[in-house]
Amino acid sequence: MNEQYKFGDILDAADEIIDDLIDCKDGTVFTIRQLAEEYGLTDLDDNGLNVLYHALIEYAKSAGISFEFSEHEEAEEGNPYNIPFAVRNIKAQIKCPHCGSIDTAKYIYGKPVYSEKLERKLKEGKWILGGCKINTVHVYIDDVDLNPERHCNSCNKDFGIPPVIVAPDQKTGEDYRGLVSLIRFTFGGYSGTTEVTITRHHYCASVKVTKIPDNGESKEERPFDKKQWYDIMYYLFGPAVYLHEWETSYRDDSILDGTEWKLDLTFEDGRECHYSGYNAYPPYWDKLEKLFRSYTDF
Ligand SMILES: [Zn+2]
């Protein structure tokens, strides 16, 4: 490997590349060598390119991106680094939880150092300067920064705010992920309703599926471990779903006899939080449905 690049430098570049590939237009074509050059790994040798190639494939997979390699006559045989590939990132693209647009920009906080990349990203609407204002509240033992991660260029709203309920004093807050103790998802229409209830207990959690009317399809309450409960919490209140940034009601009254859904959260101190819809669904509906569908077939 080139002496001027450490293993860690290449992995850092791979991380930065994937971050940008999430935002690029689906189908954009690159080569590994071109990405290496663009991200500062000039004249990276074949060993280095190999490390970058494998890191990108692995990181892309966990980000929900795939690379579609095409046959290319100019490609050197046995050398994948010059073969153009199309980035397939529809699943990875970040949608605004308010309007569903994928035209969103990442906030850059602090005083940015000027670079051509910064200028280009700002011009393309991929980055937006967030200034230096720190906006923290004290949550349990941490100070949590409430600044949004992203801005939607379509509806002009911000999103990607930590799942914190700020107290009236504006100094302290509570994290949804520590408060919720019961989740009930109800989905149905004219032919019947399915209800999935997930409850946090002292040492574990459990899920119960009820069908109304019950044609023998309801399922016994099943326990699962607490880690899985927190996985659900981080899924719902993280960038997969952004639940705390949803509207509380979605309706389309133009359709009769349609489907209705409800998501009710109960906190450990009895407070409640409700989301519902009638023939209308929030932008991250498919992610929510996927979670509950994993417990039942409805
Ligand atoms: Zn929007």
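**Aromatic contacts, a pocket and some backbone details**

Good morning. Asn-279 is a buried residue, because its relative accessible area is 13%, under the limit of 20%. Please keep in mind throughout that we are looking at a predicted model. The place of Asn-279 is the loop between strand β18, residues 272-278, and helix α7. Its backbone deserves a remark: Asn-279 is not a glycine, yet its phi is positive, at about 55 degrees.

Let us set a second residue beside it. Asp-43 also has a positive phi, near 55 degrees, and is likewise a residue other than glycine. Asp-43 belongs to the loop that runs between α2, residues 32-38, and α3. Is Asp-43 buried or exposed? Asp-43 has a relative accessible area of 58%, which is over 50%, and therefore counts as exposed.

One further backbone feature concerns a proline. The peptide bond between Ile-212 and Pro-213 is cis, with omega at about -5 degrees. Pro-213 sits in the loop between β14 (204-212) and β15 (219-225).

I turn now to the aromatic residues. There are 20 aromatic pairs in the structure. In one of them, the ring centres of Phe-185 and Phe-292 are 4.4 Å apart and the planes meet at 10 degrees; since planes under 30 degrees apart count as stacked, this pair is stacked. The two partners come from distant parts of the chain, 107 residues apart: Phe-185 is in strand β12, residues 180-189, and Phe-292 is in helix α7, residues 285-293. Phe-185 is buried, at 1% relative accessibility, and Phe-292 is buried as well, at 0%.

Both rings belong to one aromatic cluster, whose members include Trp-246, Tyr-250, Trp-261 and Trp-285. Elsewhere, a ring meets a charge: the charged end of Lys-95 sits over the ring of Tyr-284, 5.2 Å from the ring centre.

Finally, we come to the open space. The largest pocket holds about 680 Å³ of space. Its lining is made up of 26 residues, and those nearest the centre are Lys-91, Ala-92, Gln-93, Pro-239 and Lys-287. Which helix gives the largest share of the lining? Helix α7 does, with three residues; α1 (7-21) and α3 (46-63) each supply at least two. Sorted by class, the lining has 12 nonpolar, 11 charged and three polar residues.

How values were computed: Residues are numbered from 1 along each chain as its sequence is written. This is a predicted model: local features need pLDDT of at least 70, side-chain atom pairs count only at pLDDT 80 or more; totals for chains, interfaces and linings use all residues. Side-chain values use heavy atoms; hydrogens and water are left out. Rings of Phe, Tyr and Trp (its six-membered ring) pair if their centres lie within 6.5 Å; planes under 30 degrees apart count as stacked, over 60 as edge-to-face and the rest as tilted. Helices (H or I, at least four residues) and strands (E, at least two) are DSSP runs, numbered from the N terminus. Buried means under 20% relative accessible area, exposed over 50%, partly exposed in between (1.4 Å probe, protein chains only). A charge sits over a ring if NZ of Lys or CZ of Arg is within 6 Å of the ring centre and within 35 degrees of the ring normal. On a 1 Å grid over the protein atoms alone, a cavity is a set of points where a 1.4 Å probe fits but cannot get out, and a pocket is an open set with protein on both sides within 12 Å along at least five of seven lines; lining residues have an atom within 4 Å of a point. Grid points are joined across faces, edges and corners, and a volume is the space filled by probe spheres set on the points. Ala, Val, Leu, Ile, Met, Phe, Trp, Tyr, Cys and Pro count as nonpolar, Asp, Glu, Lys and Arg as charged, and the others, Gly among them, as polar.
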